[in-house]
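Thanks for coming, everyone. I'll walk you through one structure today, piece by piece.

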Amino acid sequence: MVYNLAGVCSPSACHPTHRNGFLKVTDSTTVVRINNLSKRFVIRKDKSIKERLTTFGRSAGFREDFYALRDVSLEIPAGSTVGLIGANGSGKSTLLKTIGGIIQPTTGTVQRRGRLAALLELGAGFHPDLTGRENVYLNASILGLTTAETDRHFDAIVDFSGIEKFIDTQVKFYSSGMYVRLAFAIAVHVDPDLLLVDEVLAVGDEPFQRKCMDKIRSFQHEGRTIVLVSHSSETVGDLCDRGIMLKSGRVLFDGETKGALRALRAEFEAERAEETTVDFGLGQKIESVALVDATTEEVVTAIAPGQSVRLDITVSSDVVLDEWVVGMGIDTPLGQSVFGTNTRLLGSAGNAPLVGERTVSFALPDLRLGNGQYFIHASFGTPAEESAFRIAQAATVESQDGTRSVGVTSIAASYTTS
Ligand SMILES: Nc1ncnc2c1ncn2[C@@H]1O[C@H](COP(=O)(O)OP(=O)(O)O)[C@@H](O)[C@H]1O
Ligand SMILES: [Mg+2]
């Protein structure tokens, strides 16, 4: 029997492994095949009133073609978990929507098979005036479930969502977190072969995110195919067996998850490096910030727990500053402070008046950060205004804690039983 990739065969001649005409993917075949996909959007730019006046309204604006995706080709085999990563605007959501059939390619083709469930934009597929209950039935029917099937799953869906109190409330009164809870609960209960998840999960609270991750893991074990977009390198690194990094609509890396995350970090790092020398325009400057290994003095971007490093911050001032403070801090990607100090807290007795350049070296012995990426910020100011000048992401460092632990600190934990 020849299946078309879209997974639909005529209901009269439906194969026994199909449900409702959809092919159930049980073999190691291709679930998504994308060939030379490009997606063009037309952007209309309105001219300013001044421009309109000077052209006497002859041209009200202009249209510009913009490619959100360019020449993307990929195959996703059944059972794989693919992480789509890239900077904002790189085309991740557009690619996911094209796979989901929500938007049509400009050129190229997308073929898909099996039952699809997608969690794309917030509230997509929900009718605001209907209640949660009504939307469960509406949504499940769009995803291919019969009313009887939905009846069977209804309690499990509501239970998973955790919003039973509001199930008979119109969804227009839902918070974004409640939307996502219900939408994800439906998506995972329609028995999908392919699950597409955009960043929306991040809207849910932490216990719910955890529950979603557990569900995604059990989907993996069941051999279902998952494509997810996430800003969290931890999530992508944890869940995905393949990473695809997009840049300006093109596939820049497609392969091992670690490699994809490395490519993304390299891109962010390149952007950030351009910003490291900051001239505040007041005669004071942070010239450079470098994290180096305490022994080799080589610049480090990755460290192991217990490594001793040094942060060199070079500042300069055109005018004589009798008193000045240089500070540093380590933050999580979400901006939570892990550690911070400055020359005043550490005793600035040795600080002679500053004019011209000066390098402050902070020794950070035996640094024990948990697995993950961290940003290092640098600040420069006077005692009255310690952080008058601050670079939020002066350097980044990835801590590679080989042990199996989570959190922002690495502790050499072990256990015994008794
Ligand atoms: N409907 C649209 N019309 C015009 N431009 C769009 C549309 N949807 C997305 N874009 C543009 O396409 C680019 C990629 O968007 P998107 O796929 O949402 O990026 P990402 O999800 O990676 O942040 C962005 O520059 C965005 O502004
Ligand atoms: Mg997006």
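One caution before we start. This is a predicted model.

Let's take the whole chain. It has 8 helices and 20 strands. There are 418 residues, and buried ones make up 33% of them. Now think about contacts between residues at least 6 apart in sequence. Of these, 67% join residues at least 24 apart.

Next, strand 5, residues 81–86. How many of its residues are buried? The count is 6 of 6, so strand 5 is largely enclosed by the rest of the structure. Here is some background. In a regular strand, side chains alternate between the two faces of the sheet. Now look at the two faces here. Thr81, Gly83 and Ile85 sit on one side, and Val82, Leu84 and Gly86 sit on the other. Both faces are covered.

Which strands pair with strand 5? One is strand 9, residues 225–229, which pairs in the parallel sense over 4 bridges. Thr81 stands opposite Ile226 of strand 9. The other is strand 10, residues 242–247, joined to strand 5 by 5 bridges. That pair runs parallel too. Leu84 has Ile244 of strand 10 as its bridge partner.

Stay with Leu84 for a moment. Set aside its neighbours within four places in sequence. Leu84 is then in contact with Lys92, Leu95, Leu96, Val227, Leu228, Val229, Ile244 and Leu246. Leu84 also belongs to the largest nonpolar core, which has 62 residues. Leu84 is one of the residues that touch the most other members. Others in that group include Leu119, Phe184, Ile186 and Val227. Which element gives the most to this core? Helix 5 does, with 9 residues.

Now the ligand. What surrounds ligand 1? The shell includes Phe41, Ile43, Phe66 and Ala68. It also includes Gly86, and the run Asn88, Gly89, Ser90, Gly91, Lys92, Ser93 and Thr94. Helix 2 gives the most, with 3 residues. By type, the shell divides into 4 nonpolar, 7 polar and 1 charged.

Most residues other than glycine have a negative phi. Asn36 has a positive phi, near 45°. Asn36 is found in strand 3. Is Asn36 buried or exposed? It has 12 C-beta neighbours inside 10 Å, so Asn36 counts as exposed. Asp71, in strand 4, also has a positive phi, near 50°. With 14 C-beta neighbours inside 10 Å, Asp71 counts as partly exposed.

Strand 3 also holds Arg33. Arg33 counts as partly exposed, because it has 17 C-beta neighbours inside 10 Å. Where is Gln111 relative to Arg33? In sequence, the two are 78 residues apart. In space, they are 5.1 Å apart, C-alpha to C-alpha.

On to helix 3, residues 132–142. Gly132, Asn135, Val136, Asn139 and Ala140 are buried there. Why do they share a side of helix 3? They cover an arc of only 125° around the axis, and that puts them on the same side. An α-helix has 3.6 residues a turn, so residues three or four places apart point the same way. What covers these buried residues? The cover includes helix 4 (147–161) and helix 5 (176–189). Just after helix 3, Gly144 takes a positive phi of about 100°.

The order is 14-20-19-16-17, and the pairing is mixed. Which strands form the edges? They are strand 14 (302–303) and strand 17 (337–342), and each pairs on one side only. Strand 16, residues 325–331, is joined to strand 17 by 5 bridges. Those two run antiparallel. Asp331 has Ser337 of strand 17 as its bridge partner.

That's my tour. Thank you.

Technical notes. Residues are numbered from 1 along each chain as its sequence is written. Chains are lettered from A and ligands numbered from 1 in the order in which they are written. This is a predicted model: local features need pLDDT of at least 70, side-chain atom pairs count only at pLDDT 80 or more; totals for chains, interfaces and linings use all residues. A residue is near a molecule or strand if its C-beta atom, placed from the backbone, lies within 6 Å of it. Ala, Val, Leu, Ile, Met, Phe, Trp, Tyr, Cys and Pro count as nonpolar, Asp, Glu, Lys and Arg as charged, and the others, Gly among them, as polar. A residue is buried if 20 or more other C-beta atoms lie within 10 Å of its own, exposed if 12 or fewer, and partly exposed in between; C-beta atoms are placed from the backbone. The arc is that of the directions from the helix axis to the C-beta atoms. Two residues are in contact if their C-beta atoms, placed from the backbone, lie within 7 Å. A nonpolar core is a set of buried Ala, Val, Leu, Ile, Met, Phe, Trp, Tyr and Cys residues joined through C-beta atoms within 7 Å. Two strands pair if DSSP finds at least two bridges between them.
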